[in-house]
Amino acid sequence: MSDAIQRTEQIVQKKWVPEFKYVKNESAPFVSFTKDLSKAKGAIITTGGVFLRGQAPFQDNYGLGDPSYRELPRHAPIKELMHYHEHYDHTAANQDVNVVYPIERMEALVQDGTIGELADTNYSFMGYQPISHPLQTRTAPEVAQKLVGQQVDFALLVPV
Amino acid sequence: MITLVKEVAELVLAPRSLYVRHPFGSPMGRAGEAEKQIQVLKHALALLTSAEHGGVIIDSGLHY
């Protein structure tokens, strides 16, 4: 484990969650992508803490994180997209939400025919998960099932 | 997956990771630079279709 990773672990342990350890996965899931991209349906999963005005904002819970997710309708007005996440600088996202949730850029790729379609519902987490169990066992599998239900061919994960 | 930190991508082992030299808070690039943000997406899509095994981490060569 690199020095930077160890330092981050120590900071989280000292400030918020003494038991925190990075999860180290031992294998990667993989399916070859053979579909014609111009006929494929994509989805975005951001960890930028993006939510739609009117939805409950994410909460930091005094440094314990928030394993919940929000559903972001494809055609939600850009000005209605908010973001809450205490662990990154929001300067760029305040100017252009596409830096953390590239919805307009994906729409551009649909328009020019690069990809076939975009999911009607995209997803957002707050990418600070020092207690990963509820994310791993409940909310992430739930989102995966919803993506399957939308017949999505690929998902782009955008950590911040 | 877009990744800002190679070491984190090595821990996560997503099916495919695209490394970009962008700062925390701006994984897709600078605010308002639509063409460059689309370039990141095109690199990610190229990796989607070209990867032959899971856990691959590709350096996009893209800078902020």
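How exposed is B:D59, by relative accessible area? B:D59 is partly exposed, at 33%. Here buried means under 20% relative accessible area, exposed means over 50%, and partly exposed lies in between, with a 1.4 Å probe and protein chains only.

Quick ground rules. This is a predicted model, where local features need pLDDT of at least 70, side-chain atom pairs count only at pLDDT 80 or more, and totals for chains, interfaces and linings use all residues. Residues are numbered from 1 along each chain as its sequence is written, chains are lettered from A and ligands numbered from 1 in the order in which they are written, and side-chain values use heavy atoms, with hydrogens and water left out.

Chain B to begin. It has two helices and three strands. These are DSSP runs, numbered from the N terminus: helices are H or I with at least four residues, strands are E with at least two. Along the sequence, the pattern reads β-α-β-α-β. The radius of gyration of chain B is 11 Å, close to the 11 Å that the globule rule gives for 64 residues, so chain B is as compact as a globular protein of that length. That radius is taken over C-alpha atoms, and the rule is 2.2 Å times the number of residues to the power 0.38. The C-alpha trace spans about 35 × 25 × 15 Å along its principal axes. Of the 64 residues in chain B, 50% count as buried.

Back to B:D59. Its side chain meets that of B:K6 in a salt bridge, 3.9 Å from N to O. The rule asks for a side-chain nitrogen of Lys or Arg within 4 Å of a carboxyl oxygen of Asp or Glu. This pair links distant parts of the chain: B:D59 sits in strand β3 and B:K6 in helix α1, 53 residues apart. B:K6 is partly exposed too, at 33%.

Chain A has a pair of this kind. A:D153 and A:K35 form a salt bridge at 3.2 Å, N to O. They are 118 residues apart, A:D153 in the loop between α4 and β7, A:K35 in the loop between α1 and β1. A:D153 is partly exposed at 29%, and A:K35 is partly exposed at 39%. There is also a network of salt bridges linking A:R74, A:E107 and A:E117. Over all chains, the count is ten salt bridges.

On the chain B side, α2 gives the most, with nine residues. That side divides into 20 nonpolar, nine polar and seven charged residues. Nonpolar covers Ala, Val, Leu, Ile, Met, Phe, Trp, Tyr, Cys and Pro; charged covers Asp, Glu, Lys and Arg; the others, Gly among them, are polar.

The buried area between the chains is about 2,800 Å², and carbon and sulfur atoms give 72% of that. Buried area is the accessible area (1.4 Å probe) that two parts lose on being put together, summed over both. B:L11, B:L41 and B:L45 supply 21% of what chain B buries against chain A, more than any other three residues.
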